[in-house]
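User: I am new to this structure and would like a close look at a single part. Which residues gather in a patch of negative charge on the surface?

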Amino acid sequence: MTAIQYAIEIFLSILLALGIFYSIHLGRALAVLRRDRQELVDLVARLDASGHRAEDGVEKLKRASDVSGRALSRMIDQSKLLQAELEALAEKGDAIAGRLDGLIRQGERSEARPTSGETRQLPAAGKADVDGYSVSVEPRAAPPRPYEQRSRVRTAAEQDLLRVLRMG
């Protein structure tokens with residue numbers, strides 16, 4: 001064998017050794033990729049499971065909101081009915097108070113100006129019949145003037161009632 005042949009064989013041996021070391025390195029890199037690929041598959045599976053749980057949660061929330069929405073709707077309807085009833089009662093109360101006020105003023109006028117031998121008096125304390133309602137009649141001071149009513153401070157209950165009536 002000549003020197004050229006020895007040089008070629010040494011060169012080929014070096015290339016073969018480099019190829020062996022490179023294949024070992026590639027084998028390790030492929031093992032890491034396989035392991036990472038399995039971790040990626042596990043990650044995708046967990047993400048998919050989380051997505052399904054989120055969809056189930058959204059469905060449960062929809063059902064819960066439907067149920068509470070219906071209950072809230074019923075409560076709103078009932079409150080509107082109660083509001084209408086309260087408004088009607090307030091109007092009737094105002095009308096009765098106006099009639100009572102008129103009766104009291106009429107009684108005060110008749111007391112101030114008695115007619116010929118005839119005196120009309122309201123009972124000092126007792127019951128009077130107004131539009132079929134039995135109402136107790138108590139002597140009271142003169143009603144406040146409109147400008148006095150505006151300056152009167154409302155109670156918390158009155159303010160709450162007015163706020164509720166305005167909302168409807």
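Analyst: A patch here is made of residues with over 30% relative accessible area and no salt bridge, like charges being joined within 9 Å and nonpolar side chains (Val, Leu, Ile, Met, Phe, Trp, Tyr) within 5 Å. Asp and Glu count as negative and Lys and Arg as positive, while His and the chain ends are not counted; a charge is placed at NZ of Lys, CZ of Arg, CG of Asp or CD of Glu. Accessible areas follow the Shrake-Rupley method with a 1.4 Å probe, and for residues only the protein chains shown count as cover.

The model is predicted, so local features need pLDDT of at least 70 and side-chain atom pairs pLDDT 80 or more, whereas totals for chains, interfaces and linings use all residues. Residues are numbered from 1 along each chain as its sequence is written, and side-chain values use heavy atoms, without hydrogens and water.

The negative patch on the surface is formed by Asp-48, Glu-55, Asp-56 and Glu-59. Glu-59 belongs to helix H1, which covers residues 3-112. (Helices, H or I of at least four residues, and strands, E of at least two, are DSSP runs numbered from the N terminus.) With a relative accessible area of 39%, Glu-59 is partly exposed, since buried means under 20%, exposed over 50% and partly exposed in between (1.4 Å probe, protein chains only).

A patch of another kind is nonpolar: Ile-4, Tyr-6, Ile-8, Ile-10, Phe-11, Leu-12, Ile-14, Leu-15 and Leu-18 make up about 940 Å² of surface. Leu-18 also lies in helix H1, and because its relative accessibility is 54%, Leu-18 counts as exposed. An unreviewed UniProt entry places a "transmembrane region" at residues 6-27; such annotations may be inferred rather than shown by experiment, feature names are shortened, and positions are in the numbering used here. Over residues 6-27 the chain is 100% helix and 0% strand, with the end C-alpha atoms 31 Å apart.

Helix H1 also holds Asp-101 and Arg-105, four residues apart and so separated by about one helical turn. Their side chains meet in a salt bridge at 3.5 Å, N to O, that is, a side-chain nitrogen of Lys or Arg within 4 Å of a carboxyl oxygen of Asp or Glu. Asp-101 is buried at 17% relative accessibility, whereas Arg-105 is partly exposed at 37%.

The structure holds two salt bridges. Asp-160 and Arg-163 form one of them, at 2.7 Å, N to O, and sit three residues apart in helix H3 (residues 156-167), about one helical turn. Asp-160, at 35%, counts as partly exposed, as does Arg-163, at 47%.

As for the whole protein, three helices and two strands run α-β-β-α-α from the N terminus on. Of its 168 residues, 6% are buried.
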